[in-house]
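Colleague: I've got this model open and would like to go through a few spots with you. Can you walk me through them?

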Amino acid sequence: MTKTFLLEIGLEEMPAHVVTGAIEQLQQRVVDYLKEQKLAHGQVEALSTPRRLAIMIHDVAEQQPDEDIAVKGPAKKIAQDDQGNWSKAAQGFVRGQKMTTEDIYFQELKGTEYVYVKRHIAGKPAAEILAGLIEPIKAMNFPTRMRWNKFNLEYIRPIHWLVAMLDHQVIEMKLLNIQTGNQTQGHRFLGSTITLATAADYQKALADDFVIVDAQERKNIIQQQIAAIAQEHDWQVDLDEDLLEEVNNLVEYPTAFEGRFADKYLQMPEEVLITSMKDNQRYFYVRQQDGSLAPYFIGVRNGNREYLDNVIAGNEKVLVARLEDAAFFFAEDQKNSLDYYVEQLQQVTFHDKIGSMSEKMARTRIIAQILAQKLQLSAEQTADVLRAAQIYKFDLVTDMVGEFAELQGVMGEKYALIMGENPAVAQAIREHYLPNSAQGQLPKSQVGAVLALADKIESILSFFAVDLIPNGSNDPYGLRRQALGIVRILQHENWQLDLHQLQNEIVAAYQEKLSTVKFDYLQHQADFDEFIIDRIRQLFSQATVAYDLIDTVVALPQLDPTAMMEDVQVIAKHRQDANFKDSIEALTRILRITQKAKLSASEINVQPALFQTESEQQLYQAVQAIVPDFSHQNLEQKYQALTNLQPVITAYFDENMVMDPDLKIRNNRLQQLNQLTQLIKQLGDLNQLIVK
């Protein structure tokens with residue numbers, strides 16, 4: 001007969017952002033523990049609120065299964081003497097197993113006989129096993145931890161109660177000064193202490209005391225309540241998943257309500273209103289059916305509908321106070337010119353080791369100019385990106401961004417338009433922060449994309465120049481995210497750019513255009529290259545590109561993310577070709593020979609007069625035929641040109657011995673293969689491909 005087990009950790013209110021991760025961690029630790037202890041069970045149900053982490057284990061077996069195990073002892077030659085008498089080693093072994101020498105049998109293992117005994121281990125009862133869950137509870141880790149009282153245990157918040165019940169039986173555990181029992185707590189304000197008769201009563205007993213302990217059920221209730229309000233008023237409500245998750249982890253008994261603010265605040269940019277509602281107050285904003293922002297919001301209280309009018313009035317009052325501040329800042333910011341704000345950036349530190357924000361912008365503008373030329377922007381686009389680079393951080397010193405940091409870039413765009421800037425320039429100011437997460441939105445305009453690239457490249461180069469290079473999990477300046485953004489932008493725009501060569505051009509331009517160059521920006525060039533390659537690997541791995549193909553394309557001669565993506569697509573496309581194996585093996589044979597000979601591109605000097613066979617001449621002519629156009633071709637064309645050489649290469653190796661005794665012949669053949677090697681490398685390191 002199976003049983004139901006309940007484990008509940010009662011805490012002070014946890015921060016909303018850790019609740020989901022904490023309960024998932026506890027669930028996994030419990031599952032791992034039960035597996036390790038070999039205790040059979042059914043569903044392990046995770047339940048949580050801001051004040052509790054709970055696990056319900058259904059269909060728990062009454063005990064572990066019995067086990068018969070063979071225990072190995074000393075080798076036979078140690079366990080017995082020549083007369084067959086048992087040694088002290090053998091006697092000690094069986095005594096330790098609570099058995100006698102009569103229980104010994106011998107079994108061969110890797111050519112040697114050993115002493116063995118068979119032990120019957122009775123399964124422990126479930127109650128004894130489940131009491132050990134105190135260790136997984138103590139082993140929990142959290143992004144932030146605290147201590148309380150005089151205890152040494154660090155936890156997300158102080159623990160107030162513990163419940164551990166197997167059906168009606170309390171499982172004895174103790175953590176700090178808290179003993180497990182059968183009493184839990186209802187809603188902090190509406191509920192009371194609840195005594196559970198059995199573990200299975202848990203969810204209903206809490207629901208009757210204003211606690212919905214199932215997080216998914218709680219979330220469904222919130223969604224249904226918001227949908228009902230929206231339908232009643234004919235509104236559109238954006239149920240942002242992150243906000244919904246956060247609100248869900250702030251309440252135990254949700255009740256949605258609608259509030260209102262004055263129409264006059266709609267004169268501000270809607271991003272200001274949304275930030276005040278969503279980011280600051282955790283409200284869902286509302287739109288009319290035509291898509292315009294409505295002067296309403298929807299909040300979720302932690303409680304029932306009693307005194308809801310007072311709750312609504314209080315929330316409206318708090319929101320209006322924030323909107324009043326925003327309206328004041330919006331008006332005050334427009335009293336100064338854009339040039340005024342740009343000048344103020346001289347007093348804003350980008351980083352104390354690097355310099356001011358104004359200096360960063362000057363370097364970014366130089367990079368933007370190089371990129372505009374290399375990426376063949378139009379004259380109008382170039383003018384826009386250079387103007388944007390000249391002013392793009394100005395909103396950092398406005399009052400609005402000082403109060404609402406989330407509006408960086410957004411207010412830059414709004415104020416730039418108000419102050420008469422070109423719409424393309426204003427858009428680029430907002431877009432230069434993109435993407436602001438690993439999978440975040442990319443810039444929609446090419447001007448914005450170039451400014452975003454320039455800003456991110458400048459940041460990485462500057463931090464590397466002062467030895468602030470991310471290591472391990474330490475990346476306080478978000479450089480990995482910015483590097484990934486560079487790669488994603490280039491691939492999205494299909495811009496081919498050698499980032500290694502770009503560094504050299506940037507430093508040369510710094511030396512030409514800046515009065516002083518403070519740092520050696522190339523001292524970590526190899527680290528920069530590897531840093532970018534790591535992000536390319538990450539992106540390919542997320543796209544489930546085969547690891548051997550990744551290793552192949554990241555070895556391209558140029559540090560060009562877009563070319564690497566094209567290379568992946570080309571090789572992946574041809575992997576199923578009938579001639580793929582033969583073609584790749586022919587090309588990699590050449591690579592291995594020239595690699596072993598340690599030849600470089602600068603040494604190529606093929607002398608046709610030294611050819612000894614027709615196949616040498618044929619290979620030479622075939623290579624010469626593809627050389628003139630090769631550098632201008634795309635990777636698909638290069639792949640076809642090289643793989644078409646397979647019959648000629650095979651004939652060459654069938655007829656010629658590269659390492660000819662005659663030194664002149666040998667060197668000439670190596671040079672001939674080296675010429676072809678330099679072309680093959682344009683596809684990456686084909687040696688990394690796994691060819692079946």
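**A few spots in the model**

Modeller: Let's begin with Leu642, which sits in helix α25 (residues 635-643); helices here are DSSP runs of H or I with at least four residues, strands are E runs of at least two, and both are numbered from the N terminus. Keep in mind that this is a predicted model, where local features need pLDDT of at least 70, side-chain atom pairs count only at pLDDT 80 or more, and totals for chains, interfaces and linings use all residues. Residues are numbered from 1 along each chain as its sequence is written, and side-chain values use heavy atoms, with hydrogens and water left out.

Colleague: Is Leu642 buried or exposed?

Modeller: The cut-offs are under 20% relative accessible area for buried, over 50% for exposed and partly exposed in between, using a 1.4 Å probe and protein chains only. Leu642 has 1% relative accessibility, so it counts as buried.

Colleague: Now Arg535: which side chain of opposite charge is nearest?

Modeller: Arg535 is in helix α20 (residues 525-542), and it is buried yet has no salt bridge. Such a bridge needs a side-chain nitrogen of Lys or Arg within 4 Å of a carboxyl oxygen of Asp or Glu; Lys and Arg count as positive, Asp and Glu as negative, and His and the chain ends are not counted. Leaving aside neighbours within four places in sequence, Arg535 contacts Arg480, Ala483, Leu484 and Val487. The nearest opposite charge, 4.7 Å away, is on Asp534.

Colleague: How are α17 and α20 oriented to each other?

Modeller: Their axes come within 10 Å and cross at roughly 135 degrees; axes are lines fitted to C-alpha atoms, for helices over the stretch in contact, with angles from 0 to 180 degrees between N-to-C directions. Under 35 degrees is roughly parallel, over 145 roughly antiparallel, 65 to 115 roughly perpendicular and the rest oblique. Ile460, Leu461 and Phe464 in α17 meet Asp527, Phe528 and Phe531 in α20. The two helices are therefore oblique.

Colleague: Which peptide bond is cis?

Modeller: Look at Pro435, in the loop between α16 (423-431) and α17. With omega near -10 degrees, the cis bond runs from Leu434 to Pro435.

How values were computed. Contact = heavy atoms within 4.5 Å.
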